[in-house]
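Open the model in your viewer and keep the selection panel at hand. The stops below go from the whole chain to single side chains.

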Amino acid sequence: MVKWQGRPTRRQRTMVVQLKKIRNAAPDSGAKKPAFRMTRSMWIGLGIVLVGVVVMCVPMLRNASDARMVADLADQILAGDVQDLVVPMQVTAASEVDAWDFQTELAARHTGPTPVPTAMPTQIKLTPLGVVNIPKIDSKQPLIEGAGKTELHYGVGHLKGTAAVGTVGNCVVAGHRNYTYGQVWNRLNEVAEGDEVIITRTDGKVFTYRVFEIKIYEPGDAEILSWYQDTKQLTLITCDPVRVADKRLIIRCNLEPET
């Protein structure tokens, strides 16, 4: 309590009133604080965050599952455990532009127009030809006959009508430029002249090709399928750049002599 000597002045009385207000406004240390409660807007915000997390995780989990499936298939082919595969047909909606169907994109340039089937099958039989290994980018992919949407879902595809692996001519192999780093041929742009591309056929025979040329072409360019006469050439095709995919990254290789 404030005590004054003599009669307090007006200023002193004002100070006392202010001190009493401050003391009365101080919280009671023994009083219970109200429990925290989530408001409706907080619940809505939390729900939006959770939905966003799920949306981000689902593609990542699917990509991881596909990568595991492709890796297992490559191991099975090398072990001689796979002959033919019957798998669900990968269908592209009529309103979509199928940027991954290299067989359709290039077939007209090489073998004439591709016949249009009267009915779309629900399943398709795939024929594994071997495994394509590119040590520079740590890529090991199943090699499937055909380069359509379904074939490229299970590995990389040998363009029908082009030379077989290890023979005279141009053996053309196409693959996805997956968005996920390190999957399929996402890192194909890191391959340089002089790097090796090793193909192991299902009969166990191994062919080593060496890169001698890297170029960017327009989709469907006839020069993609060109080759040097009397040579055993390998051409790798994928989309470029990642996500935009309006060009084609082409890597040409020559077969190394057998030792």
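Two residues are in contact when heavy atoms of theirs lie within 4.5 Å. Among contacts in the protein between residues at least 6 apart in sequence, 62% join residues at least 24 apart. This is a predicted model, in which local features need pLDDT of at least 70 and side-chain atom pairs count only at pLDDT 80 or more, while totals for chains, interfaces and linings use all residues. Residues are numbered from 1 along each chain as its sequence is written, and side-chain values use heavy atoms, with hydrogens and water left out.

**Whole chain.** Colour by secondary structure. The protein has four helices and 10 strands (DSSP runs numbered from the N terminus: helices are H or I, at least four residues; strands are E, at least two). Their order along the sequence is α-α-β-α-β-β-β-α-β-β-β-β-β-β. Of the 259 residues, 33% are buried (under 20% relative accessible area; exposed is over 50%, partly exposed in between; 1.4 Å probe, protein chains only).

**Main core.** Select Ile134, Leu188, Val197, Leu234 and Leu236, the residues with the most contacts inside the largest nonpolar core, which has 22 residues. Such a core is a set of buried Ala, Val, Leu, Ile, Met, Phe, Trp, Tyr and Cys residues joined through side-chain atoms within 4.5 Å. At least two of its residues come from each of S3 (128-134), S6 (169-174), S7 (196-201), S8 (206-217), S9 (232-240) and S10 (247-255). Centre on Leu236: beyond its neighbours within four places in sequence, its contacts are Ile134, Val173, Trp185, Leu188, Val197, Leu249, Ile250 and Ile251.

**Arg177.** Is Arg177 buried or exposed? Its relative accessible area is 4%, so Arg177 counts as buried. A polar atom of the Arg177 side chain lies 2.9 Å from the backbone oxygen of Cys239. For the backbone oxygen of Trp185, the distance to a polar atom of that side chain is 3.4 Å.

**Helix H2.** Finish at Leu46, in helix H2 (residues 40-78). Leu46 is partly exposed because its relative accessibility is 38%.

Conventions. A polar contact is a pair of N or O atoms within 3.5 Å; within protein, one must be able to donate a hydrogen and the other to accept it, and residues adjacent in sequence count only if both atoms are side-chain atoms.
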